[in-house]
Amino acid sequence: MADPEAPTRPQLHAAAATFALLSSPARLHLVWLMAHERADVGTLAGQIGLSVTTTSQHLGKLRLAGVITSRKEGRHVFYAVEDPHVLTLIDQIFSHIAPDGTLAPDPQ
């Protein structure tokens, strides 16, 4: 008998696609930055050390996947993470990884 709590095949595929999208260090860095404050592409590019064009391509993928949102204000587009599930995911992964890249011990 199947476990009623088990994820469905579509859920598994969607989760795998999300993790694949976030497997890029640049995209993960962008999501972390936007989880802390909204920013435009030029600001984000400067913070992660990539060109505006490359950063824009990463932002497009994240936006299409629903990981980030965008809002146009005048001539600028500002990007942010607003989904509480994504915010929790980002907080959880970085609280579990120490600054040196090792897994941080669980709190006592």
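Predicted model: local features only at pLDDT ≥ 70, side-chain atom pairs only at ≥ 80, totals over all residues.

A: Buried means under 20% relative accessible area, exposed over 50%, and partly exposed in between, with a 1.4 Å probe and protein chains only. By that scale Asp 91 is partly exposed, because its relative accessible area is 49%. Asp 91 lies in helix α5. Helices (H or I, at least four residues) and strands (E, at least two) are DSSP runs, numbered from the N terminus.

Residues are numbered from 1 along each chain as its sequence is written, and side-chain values use heavy atoms, leaving out hydrogens and water.

Now the setting. The chain has five helices and three strands. From the N terminus their order is α-α-β-α-α-β-β-α. Of the 108 residues, 25% are buried.

The helix to look at is α3. Its buried residues are Leu 44, Ala 45 and Ile 48. Seen down the axis of α3, they fall within an arc of 100°, so they line one face of the helix. That arc is taken from the directions from the helix axis to the C-beta atoms. The cover over these buried residues includes α2, β1 (39-40), α4 and β3 (76-80). Just after α3, Gly 49 takes a positive phi of about 75°.

Next, the core. A nonpolar core is a set of buried Ala, Val, Leu, Ile, Met, Phe, Trp, Tyr and Cys residues joined through side-chain atoms within 4.5 Å. The largest one here has 17 residues. Leu 44 is among those with the most contacts inside it, along with Val 31, Met 34, Leu 62 and Ile 68. At least two residues of this core come from each of α2 (25-36), α3 (41-48), α4 (52-64) and α5 (84-96). The most come from α2, which gives four.

Leu 62 shows the packing in detail. Contact means heavy atoms within 4.5 Å. Leaving aside neighbours within four places in sequence, Leu 62 touches Leu 21, Leu 22, Arg 27, Leu 30, Val 31, Met 34, Val 67 and Ile 68. Across the chain, among contacts between residues at least 6 apart in sequence, 48% join residues at least 24 apart.
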